Amino acid sequence: MASNLCTKHFLGAPPSSDGLGSLQSPRMLPSSSLHLHARRSQPRRLEIQAACNTYGTYFRVTTFGESHGGGVGCVIDGCPPRLPLAEADMQVDLDRRRPGQSRITTPRKETDTCKIASGIADGLTTGSPIKVEVPNTDQRGNDYSEMSQAYRPSHADATYDFKYGVRSVQGGGRSSARETIGRVAAGAVAKKILKQYAGTEILAYVSQVHNVVLPENLVDHDTVTLDQIESTIVRCPNPEYAEKMIGAIDVVRVKGDSVGGVVTCIVRNVPRGLGSPVFDKLEAELAKAALSLPATKGFEFGSGFAGSFMTGSEHNDEFYMDEHGRVRTKTNRSGGIQGGISNGETINMRIAFKPTSTISRKQNTVTRDKHDTELIARGRHDPCVVPRAVPMVEAMVALVLVDQLMAQYAQCMLFPINPTLQEPLELPQDKQAQIPL
């Protein structure tokens, strides 16, 4: 599904009164003669409106706000009505994302307490837009005085100037990770829909920090739980490797430096049939969503780049019939997606994050008026972004899947399914009743 990240409107000829633009119905011409009046063609102005702050087609999310402005948040449009929803549903994931959690995150102190301003009546969604607001309470704009003149290396400071000719200096404005608060809030809603309707569960965890790599066989994707992931401040479900990762972050933190890492995300109980062939493949949508997060540098799913070292006989996932009469695969090198469409197996993906750009070590750079200089960045920043990126990744995956779920329902579920080949998207009513609201 093509996501409406950008809305582009090209103006050529003025639109017609019937709303069809230049595609007008042919009119009857007089049979006797046709008189053509030559006139000088006027240059046509091309206007492009490209906001790029909205994701989704059916479940649409627009984020707003800046790092050091009055607040941040989102507007969710297309949420199904009658879904039980409260601030507490979003606050759990916002608390996992918020700064100041531990010594390995930014020391900025924000409660990130959300408020639902519209779209809810008597504890249920109404089907109208849901506005979620989170105030900024611990801004320190003076920390960015040097950065108002000098570009931070590898940050978006320079490119925002190149594109817009103006930028919000304090905190990086829209390029700040505080923009993701709106994504996480909306993602919490999407996760609740997926869980309640289809039994789908999305979990992410840290699988690498710098050169500390968690071996894949140490995490069972069928049984790993949120409690195991949240049991350590680095969000790695293996205690031994979690301590190694924390140590790696501590080493660079005290030096004013930073490191990157990898977040692994799994999706269990995925309905079959999500995604579309050709341009809107499910993995393409997931990659686009994941790589829209700040500091991301790579995306792979299933066997990923390692699959390029295998032969077809080694890589193919052979089919078999399970005890319930369902078509399954013996292995999952496809990562739960084949031909751009979910096959019902667990989706697994890995997202690479670069080291935090803003560091308190002297670096060479240039000023906005194009002079060489040196910069020691101030401010409060994460020595490693991946522990707080975990709920961000979950949110973006959830936004993709709920949008794809609605698309599949709209296109392929209007008429009775072919029970020989297809499965319902919805959980049976008895299983839905077992899911806590």
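Predicted model: local features only at pLDDT ≥ 70, side-chain atom pairs only at ≥ 80, totals over all residues.
**A five-stranded open sheet**

Five strands make up an open, antiparallel sheet, ordered β9-β8-β10-β16-β11. Strands here are DSSP E runs of at least two residues, helices are H or I runs of at least four, and both are numbered from the N terminus. Two strands pair if DSSP finds at least two bridges between them.

Residues are numbered from 1 along each chain as its sequence is written, and side-chain values use heavy atoms, without hydrogens or water.

Start at β9. Two bridges tie β9 to β8 (residues 201-209), and the two run antiparallel. Q208 has V213 of β9 as its bridge partner.

Now take β10 (residues 261-268). Seven bridges link β10 to β16, again antiparallel. Here I266 faces N348 of β16.

β16 also pairs with β11. Five bridges connect these antiparallel strands. E300 is bridged to R350 in β16.

What lies across β11 and β16? Helix α6 (residues 282-291) does, running at about 155° to β11. That angle, on a scale from 0 to 180 degrees, is taken between N-to-C directions of axes fitted to C-alpha atoms, for helices over the stretch in contact, where contact means heavy atoms within 4.5 Å. β16 (347-353) is mostly covered, with six of its seven residues buried. Buried means under 20% relative accessible area, with a 1.4 Å probe and protein chains only.

Note on methods: Buried < 20%, exposed > 50% of the residue type's maximum accessible area, 1.4 Å probe, protein only.
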